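The exercises below each set a task and then work through it step by step. Try each task on the structure before reading its solution.

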Amino acid sequence: MIEASGQVRGTGASDEYWFDRFKTIGIFQAYEYFNDDPASFERQRHAFFSDSSRNPEFGYPLLSDDLIEVNERSLLALRDELLEKEKDVVIRNAYLWRIEEKIAEAGLLRAAAHGDMLNFRECSESVYGAPNVEIFSHTIHEIRDRFESARLTAGETLRGHIDDFLSAFPESEAHVDVSLPDEALRAEVFQKIRREFGRIADMTTSETEKVGSDGIKTAFGKALEKLGITDWTISLETTGNPLIRTDQVRKSIIIPADRIVTVSELSRLLIHEIATHAERRSNGERTRFLLLSLGLDHYEVGEEGIAAVREQAFKTDTDTFSFSGLEGYFSIGLAYGVSDGIRRDFRDVFSVMKRYYRIINLSKGMSPTDAEQHANESAWTRCFLTFRGTDCKTMGVCFTKDIIYRKGNIAIWDSLREQSGSMDLWNVGKYDPSNDRHRWLLERLRISRLP
C-alpha cells in the first residue's frame, strides 16, 4: 500500500499514514471534559438538596477555547488532506466518517464551554443519537411490568407509591417493535461467552461478598495479565465521577477510590472493562487497519452493546431477562419528553427518578428512611450523568451518550438473531457488528479473524 506522499508504508497496516495523524488529534473523548472539580461538585450537590438552587451549576474547568479551536482546526485540515490525497475508497470513507464524528464532538465541547445549549443538543445527537419512541415505550412497559408485579405483594405504602408513579405514565397504545431474544438464542450465546471468558472472570455469583477499590484494581491487573495486555495502567482517583471507566487516550482504567462492588458485579466489570474495552483496543492495534484500535465512527453503540451482552451472560438472576441501560434511557427520554411532549430540566428529571428509585428500594425491603436516602443518591448520580456538559436548566437539553447502552444492547441482540456466528469477530477491534457500513469495511479490508 502506498501512502499519500507516494512512499511505501512501513508497518504493513494499510492506514498507517492517516492513523499517525488522526491519533494525535482525534482520540479525545468529550465526556472526560464534563467533570467539575470535587469541591465544586459537592457545593452544587449541597445547594441542590437544601433547595437553595433549583438546578446545579456545574463548572467544567478542563474546557478552554484554545483547546477546542486546536481540535477543530486540526480535524478540518486532516479532512481536507484526506479528501485530496487518499484514493482508496475504503480508507477514505472510514477516516472521513470518523473525522466528521470527531468534528461534531469538538462542537459539543464548544457548546458546553459557551453555554450554547441548542447547539449542544444538536451536536450530542450527531455523536450519540436521540432517544426514540419505540425504545422509550419499551422501557416504560418494562418499568410498568416490574412495578405492577411488585404491587401484588406490596403493603399499603408501597402500593400508593407505585400507583402514584404509574399514573404519570399511562399505557401506550402505540406498536412497539422491540422484542427480547428467545431463550434458545440466549442460552447459546451465554454458553459461548462463559466458556470464552471464564478464565478471567470469577464464576462465583455472590451478591453479598464485597470487594473494595484495591481489590477491584488487583483483579483488573490480573485480567490484563491473562489477556497479554501489558501497556495499560490502573489508577484509583477521587473525582466527581462515580463510574469505573476506561481512558482510551492514556490506555488506563480509572476506579473511584471509594468504589465497593459485590463479587458478582466484579465479574461483570472484568468482562466489560477488560475483556471488551481494553482487549478490543489491544487487538485493533494488531490488525492491518489501525483505526480499529481507536474505533470506527460511532463504534460505541456496538462496543457497549457487546459489553452488555457479555455482562448478561454473568447475571445471577437467570429467570428474568431485560435489555441493559434502562435507567439511562429512561432519564434521557424524560428530559426530551419523548412520550408526553413535556421537556424537562435537571430538577424535573430528578423528581421522577427519585420516585422510581424509592419504589425499587422499598421493593427490596428497605426501611422508608433508607429507601428515601438511597433514592436521593441514585437519582442525583443518574441526573449528573444525564445532564453533564449542560447548564442543567434548559428544558429538553441533555447529554445523550447514555442512550447507547440500551440502543446498542438491542442492536447487538438483533444482529445475533440474524447470525450468532458474528460473535467470533467481536474482539477484532472497535467496530459495531450491527452497523452495515462497518461490516462492509471489514469485508473490503479482508479482516475475517482475530489477529
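**Exercise 1. State how much accessible surface the protein chain has and what share belongs to carbon and sulfur atoms.**

Step 1. The accessible surface comes to about 19900 Å², by the Shrake-Rupley method with a 1.4 Å probe, where for residues only the protein chains shown count as cover.
Step 2. Carbon and sulfur atoms hold 47% of that surface.
Step 3. Before going on, note that this is a predicted model, in which local features need pLDDT of at least 70 and side-chain atom pairs count only at pLDDT 80 or more, while totals for chains, interfaces and linings use all residues. Residues are numbered from 1 along each chain as its sequence is written, and side-chain values use heavy atoms, with hydrogens and water left out.

**Exercise 2. Describe the secondary structure and overall dimensions of the protein chain.**

Step 1. The chain has 17 helices and five strands; helices (H or I, at least four residues) and strands (E, at least two) are DSSP runs, numbered from the N terminus.
Step 2. Its radius of gyration is 22 Å, close to the 22 Å from the globule rule for 451 residues, so the chain is as compact as a globular protein of that length. The radius is taken over C-alpha atoms, and the rule is 2.2 Å times the number of residues to the power 0.38.
Step 3. Along the principal axes, the C-alpha atoms fill a box of roughly 75 × 50 × 45 Å.
Step 4. Of the 451 residues, 56% are buried (under 20% relative accessible area; exposed is over 50% and partly exposed in between, with a 1.4 Å probe and protein chains only).
Step 5. Taking contacts (heavy atoms within 4.5 Å) between residues at least 6 apart in sequence, 75% join residues at least 24 apart.

**Exercise 3. Which residues of helix H1 are buried, and what do they pack against?**

Step 1. In H1 (residues 16–25), the buried residues are Glu16, Tyr17, Trp18, Phe19, Phe22 and Ile25.
Step 2. They pack against helix H3 (65–85), H4 and helix H11 (291–294).

**Exercise 4. Where is Asn427 placed, and why does it count as buried or exposed?**

Step 1. Asn427 sits in the loop between H16 and H17.
Step 2. Its relative accessible area is 4%, so Asn427 counts as buried.
Step 3. Leaving aside residues up to four places away in sequence, Asn427 touches Ala275, Glu279, Arg280, Asn283, Arg310 and Leu450.
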